[in-house]
Amino acid sequence: MKNKYLRFKTSKLLKPFVAFYFFIGFVEIIAELFKDYFFISASKPLLIPILIAIYWLSSKSRNPIFIIALLAVWMANILLISNSMTCFMVGTFFFLIYRILIIYLVLKTIKFPGYIPMVIGALPFLFMYLFVANLSHNELGYRFYMFIIQGMFMIFFGSLCLGNYIIKSNTSNTYLLISTMLFTVIQFVLVIKMFYADYNIFQPLAMLMYVFGQYLLYLFVLIEEKKRKRYQIINKLGLKA
């Protein structure tokens, strides 16, 4: 009875937390649009802790790798609010840790799609990063090498997600692919904003994609956990039979 009561309480809390996540995301997007540093500083650090709380309430397995990855991207977000070059470099390092952990998590979750789907899946991400690299290599200076490292991980991750979607286009794989595509487009938008056309709409657009990209990644993790739990229950029942 106690477990059922706790599950009921957490399910009642989940919807308000999801609504709060998107509300804070909306505040952050509007703050970016009007370049309100106070509201950016107040809202941006809240997004990932709220998403961790949503995951904690909705998941029965609670994968520590996913939580650590979210903490890494949270640190990156806080550091990247500052205009300091030191904060930028450390923030980029934390974002790289986040990317590596997410790749590890996905590799542990899905089946390897095979080399041909991986090669096909890599092409759009490769072309995107080559285009962005061509636009930004002079302006980025020594930061270009960090951009290349990030790009290599993103191309591999994109090829994995798209290759996996080609093999099996279910709901969770669709969420994972859309999330990955959003994060890739963010890189393109931010480079255009930084070096070519600093229109007010670019940063809010990047933030909009970030908010939905992170939420879709969470949904992928949650759906795959529920699948694994069902398989474990079926296997146990099969062994007992």
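Reader: Thank you. Which helices each supply at least two residues of the lining of the second largest pocket?
Author: This is a predicted model. In it, those helices are α6 (143–167), α7 (171–195) and α8 (202–240).

Reader: And which one gives the most to that lining?
Author: Helix α8 does, with four residues.

Reader: How much space lies in this pocket?
Author: The second largest pocket holds about 330 Å³. Its lining consists of 15 residues, and the closest to the centre are Thr109, Ile110, Lys111, Lys168 and Glu224.

Reader: How do the lining residues divide into nonpolar, polar and charged?
Author: There are five of each kind: five nonpolar, five polar and five charged.

Reader: Let me change topic. At what angle do α2 and α3 pack?
Author: Helix α2 (residues 37–58) and helix α3 (residues 64–81) pack at about 180°, and their axes are 10 Å apart. Because an angle over 145 degrees counts as roughly antiparallel, the two helices α2 and α3 are roughly antiparallel to each other.

Reader: Which residues make the contact?
Author: From α2 they include Tyr37, Ile40, Leu51 and Trp56, and from α3 they include Phe66, Leu70, Trp74 and Ile81. The residues of this contact divide into 17 nonpolar, two polar and one charged.

Reader: One more residue, please: is Ser43 buried or exposed?
Author: Ser43, which is in helix α2, has a relative accessible area of 3% and is therefore buried, the limit being under 20%.

Reader: What is Ser43 in contact with, leaving aside its neighbours within four places in sequence?
Author: Ser43 is then in contact with Ile24, Val27 and Glu28.

Note on methods:
Residues numbered from 1 in each chain as written. Predicted model: local features only at pLDDT ≥ 70, side-chain atom pairs only at ≥ 80, totals over all residues. Heavy atoms only, no water. 1 Å grid on protein atoms, 1.4 Å probe; cavity = no way out; pocket = protein on both sides within 12 Å on 5 of 7 lines; lining within 4 Å. Points joined across faces, edges and corners; volume = space filled by probe spheres on them. Nonpolar A, V, L, I, M, F, W, Y, C, P; charged D, E, K, R; others polar. Axes fitted to C-alpha atoms, helices over the stretch in contact; angles between N-to-C directions. Parallel < 35°, antiparallel > 145°, perpendicular 65-115°, else oblique. Contact = heavy atoms within 4.5 Å. Buried < 20%, exposed > 50% of the residue type's maximum accessible area, 1.4 Å probe, protein only.
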